[in-house]
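Dear colleague,

My notes on what was found in it follow.

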Amino acid sequence: MCDSTENGNFEQNDSFSINFNQDFTSISVVGNSGYRLFTLASVDKVEEIFCSNDESTEISERLFSSSLVAVVTTAEPHKLKVCHFKKGTEICNFSYPSNILSVRLNRTRLVICLNGSIYIHNIRDMKLLHSIRHIAPSDAGLCTLSLNSHLAYPISTTVGELQIYDAGDLSVKIKIKAHESPLSALNFSPNGLLLATASEKGTVIRVFCVVNGQKVHEFRRGVKRYVNIASLTFSNCATFICASSNTETVHIFKIDLKAVETAERLNCNGDDGVLTEHNDSSGELDVQESRWTMGFITKAMTSYFPSPVSDVLNQDRAFATVQLAQAGLKHECVIVKLEKETKVLAACTDGFLYIYNFDDVKGGECKLLRAHDLRNPLFGITEVNLDCDKNDSTIVMKNSVQPAPGSYASVLKGRDKDRMSAESDRCRDLLEAVCEYPPRSMFDEVHFPPVAVSTN
């Protein structure tokens with residue numbers, strides 16, 4: 001088992017980066033001593049499935065529940081390592097012109113975001129398909145990738161304007177001017193039909209239809225103070241949006257499905273396909289047949305109030321809230337089904353995972369049910385050690401056979417193909433010999449189900 005810094009234990013004073021995979025079934029905990037992967041079986045049970053026992057790590061992104069994980073280390077922040085964590089091997093690595101700020105994955109695409117550019121790979125063979133230059137610089141690597149390969153990223157540093165790009169067929173879609181202030185958060189719904197955005201002010205959350213850029217909803221997160229939005233995620237059913245910030249309150253908003261249908265029927269407005277929205281201090285009433293009564297009452301009331309007050313009345317408030325124990329810490333929050341009940345998970349930079357109940361019918365305040373400490377190794381873990389004794393069932397990874405470092409230029413020119421294939425065979429053969437793994441290809445059908453990939 002991992003213990004202390006020599007065998008992979010995270011220091012108690014570490015600040016952690018904790019993120020979820022694409023369907024919220026797996027958790028990655030990144031710290032100064034490497035990264036760990038967890039699965040959440042129930043409210044009371046968190047299972048650790050991998051401990052890297054590696055150098056300080058910046059990014060760790062797992063592809064659904066597969067064996068593939070994309071890793072960026074502190075020592076080489078410009079290099080992406082694509083690993084098969086169950087075998088403990090590095091499949092391939094790619095170097096980029098500058099530091100990697102974020103990594104996004106789905107079943108067909110791997111997206112790398114730098115400060116000012118984006119690179120798109122085919123995840124089936126890691127071939128570089130396209131690069132997008134001259135995007136708005138962002139130290140946070142702000143971009144989001146949907147499961148159907150829609151890609152959204154900011155294109156302005158002065159206003160909240162974004163570009164939607166189809167990473168599947170490599171084509172430019174629409175632009176949306178979502179906010180008057182620069183963007184701070186954006187995320188697609190799981191079905192890829194909706195896009196949620198927030199600006200640096202953090203007071204308003206907006207939801208847009210990806211097909212035509214029409215605004216579906218405008219939610220009021222706060223009124224008095226500006227905040228930094230830490231995470232903005234849809235539930236798997238795309239009915240709720242969960243927004244966390246540097247305050248002590250997490251806001252959960254409910255999507256009106258009829259509003260989505262109405263927006264999808266509308267045509268694109270504005271010049272050159274650019275959709276424009278009002279500034280963050282204003283609101284716009286969503287006209288829907290199911291809400292005509294409330295709309296009539298709201299319009300009547302707003303005629304008696306000053307403009308700032310009427311703007312707030314026109315915006316939807318939170319359906320439910322979570323009160324965190326401490327403000328100022330970054331929480332990545334998601335809404336999931338656990339044991340057939342809806343829960344809110346809050347993964348915090350303090351190294352803890354907090355689980356709250358959630359009434360998806362009545363809403364209201366969510367109560368804390370359980371807190372899991374993810375800073376230390378858990379029990380019942382079997383890990384891979386290439387130097388292991390075959391009779392030892394509890395082992396720790398120490399070394400792995402890795403291919404020679406690649407280069408950005410060689411990737412562009414396709415010179416790494418033969419080397420990567422040969423080294424992958426070498427890794428597989430060594431693991432089969434030492435730990436008796438059954439022979440499998442680099443992208444076997446168990447871990448990577450067949451998908452249709454565009455050949456354009």
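**The second largest cavity**

The second largest cavity holds about 30 Å³ of space, where a cavity is a set of points on a 1 Å grid over the protein atoms alone at which a 1.4 Å probe fits but cannot get out, and a volume is the space filled by probe spheres set on the points, which are joined across faces, edges and corners. This is a predicted model, in which local features need pLDDT of at least 70 and side-chain atom pairs count only at pLDDT 80 or more, while totals for chains, interfaces and linings use all residues. Residues are numbered from 1 along each chain as its sequence is written, and side-chain values use heavy atoms, with hydrogens and water left out.

By this rule there are two cavities of 30 Å³ or more. The lining of the second largest cavity, meaning residues with an atom within 4 Å of a point, consists of N19, F20, N21, S26, I27, S28, L37, S60 and R62. Strands β1 (17-20), β2 (26-31) and β5 (57-62) each supply at least two residues of that lining, and β2 gives the most, with three residues. Helices (H or I, at least four residues) and strands (E, at least two) are DSSP runs, numbered from the N terminus.

**The protein as a whole and helix α1**

The protein has five helices and 30 strands, and of its 456 residues 55% count as buried, that is, under 20% relative accessible area, with exposed meaning over 50% and partly exposed in between (1.4 Å probe, protein chains only).

In helix α1 (residues 257-265), the buried residues are A259, V260 and A263. Seen down the axis of α1, these fall within an arc of 105 degrees, so they line one face of the helix; the arc is that of the directions from the helix axis to the C-beta atoms. The buried residues of α1 pack against β18 (194-199), β19 (204-209) and β20 (215-220), whereas the face turned away from the buried side carries the exposed residues L257, K258 and R265. At the start of α1, a side-chain oxygen of D256 reaches to within 2.9 Å of the backbone nitrogen of K258.

**Individual residues**

E55 is found in the loop between β4 (45-51) and β5 and is partly exposed, with a relative accessible area of 31%. Although E55 and S33 are 22 residues apart in sequence, they are 5.4 Å apart in space, C-alpha to C-alpha. Leaving aside neighbours within four places in sequence, E55 is in contact (heavy atoms within 4.5 Å) with N32, S33, G34, T73, A75 and K81.

H331, in strand β26 (residues 331-338), counts as buried at 3% relative accessibility, and its side chain reaches the backbone oxygen of L329 at 3.1 Å.

Two residues other than glycine have a positive phi: for F64 the value is near 45 degrees, and for H134 about 60 degrees.

With best wishes

Methods
On a 1 Å grid over the protein atoms alone, a cavity is a set of points where a 1.4 Å probe fits but cannot get out, and a pocket is an open set with protein on both sides within 12 Å along at least five of seven lines; lining residues have an atom within 4 Å of a point. A polar contact is a pair of N or O atoms within 3.5 Å; within protein, one must be able to donate a hydrogen and the other to accept it, and residues adjacent in sequence count only if both atoms are side-chain atoms.
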